[in-house]
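Hi everyone, thanks for making the time. Let me put the structure up, and then we can walk through it together.

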Amino acid sequence: MRNPTAADAVSELAELVLPWLPPPDLAAAASASRAMRAAASAVTARRAADSARGLEAFPAPFVNPIDSQPYSYFIYTPFSLIPSAASFHAQPWGCAWSRTPGPTWPRPDLGLPLAGCSCARGECGGAACACADAEAEAADASGAGMASLSECGDGCACGPSCENRRTQRGVTVRLRVLRQLKKGWALHAAEVIHRGQFVCEYAEEARRRHRLYDELASVGKLSPALLVIREHLPSGRVCMRVNIDATKVGNVARFINHSCDGGNLRPILVRSSGSLLPRLCLFAARDIVDGEELAFSYGDAKPNPKGLPCFCESSCCPGVLPAEET
């Protein structure tokens with residue numbers, strides 16, 4: 001039996017520490033020794049192999065034919081609602097060991113009273129289900145406003161296999177993140193995705209910083225991934241604003257670019273029983289072929305000389321991206 005060497009000790013220590021480091025610190029550690037450089041290279045390769053860090057059913061690799069940037073660094077969460085942003089300052093990424101993806105159900109506890117259905121198996125979401133929303137379905141059929149969907153929640157008697165929890169199982173289609181010359185990173189299908197199929201949730205860690213992001217992006221200091229949803233409540237007198245910010249904490253949806261013609265994804269507001277805030281989920285608006293870029297409309301853009309340039313190249317593109325002022 002071979003006795004452990006100093007190099008073995010360095011490798012073991014590197015495996016414990018390096019996956020926690022952001023890219024600048026990882027590069028600094030790599031300059032310490034040959035063993036650390038090899039360990040850092042292995043971490044970088046594993047990060048590039050899966051943007052989802054093993055937290056989804058399939059890996060979503062980075063592919064970069066443009067430059068030498070191997071991946072985009074951010075904190076990954078499969079959830080759109082999290083109890084505290086303070087718990088997401090660091091996350092291991094690029095470990096040699098792998099872990100089974102954790103379920104996206106039950107959702108994080110928001111301290112809200114739970115309410116839900118007690119349907120028999122296979123009957124959730126039907127007309128008699130307490131989680132069904134007839135008014136939302138009627139609005140969807142009329143085409144008025146953003147579509148919405150009601151699902152079972154944590155207070156329901158059913159479990160994660162319930163058919164009325166189709167958006168709560170995480171990303172179940174194969175995706176890849178491709179580097180493009182003008183757009184930067186962009187999410188692409190890595191398999192055929194059929195019309196109406198759930199693709200991913202726009203997961204986030206939200207704060208009020210849209211205007212700041214616009215200012216930083218205008219001078220090239222930031223590539224933001226923040227959406228604002230305004231939903232008119234049933235009374236018609238109140239409009240609820242929800243910030244969905246995947247700039248620093250998010251999932252693969254942060255790489256989905258805007259398309260002025262609506263793109264190939266349909267955004268749908270999903271509400272689970274017992275949850276106060278909706279989640280933005282993305283479904284295939286039509287059949288999508290393997291290798292096709294995924295895109296949806298961030299909103300209507302108006303001519304703005306200070307607006308960020310749009311590279312969607314659709315025939316209706318005004319040349320700028322939607323912003324807070326538009």
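Let's begin with a question: leaving out residues up to four places away in sequence, which residues does L18 touch? Keep in mind as you look that this is a predicted model. On that count, L18 touches L26, A29, M36, A39, A40, V43 and R47.

Now let's zoom out from there. L18 and L175 are the residues with the most contacts inside the largest nonpolar core, which has 41 residues. Several elements give two or more residues to this core: the helices α2 (23-30) and α3 (34-49), and the strands β4 (175-180), β5 (184-189), β6, β11 and β12. The top contributor is α3, with 4 residues. And where does this core lie? Domain 1 (1-49) and domain 2 (54-85 + 107-112 + 169-296) both supply residues, so the core lies between them. There is also another core, apart from this one, with 8 residues, including C117, C124, C156 and C158.

Some of those strands come back in a sheet, so please find β11 on your screens. The sheet is open, has 4 strands in the order β3-β11-β12-β6, and its pairing is mixed. At the edges stand β3 (147-151) and β6 (198-201); each has a single partner strand, so one side of each has no neighbour in the sheet. On average, neighbouring strands here are turned by 35° against each other, ignoring direction.

Within the sheet, β11 (residues 265-272) and β12 (residues 279-284) pair in the antiparallel sense over 6 bridges.

Definitions and conventions. Residues numbered from 1 in each chain as written. Predicted model: local features only at pLDDT ≥ 70, side-chain atom pairs only at ≥ 80, totals over all residues. Heavy atoms only, no water. Pairing = 2+ DSSP bridges. Axes fitted to C-alpha atoms, helices over the stretch in contact; angles between N-to-C directions. Core = buried A, V, L, I, M, F, W, Y, C linked by side-chain atoms within 4.5 Å. Buried < 20%, exposed > 50% of the residue type's maximum accessible area, 1.4 Å probe, protein only. Domains from an automatic or database assignment. Contact = heavy atoms within 4.5 Å.
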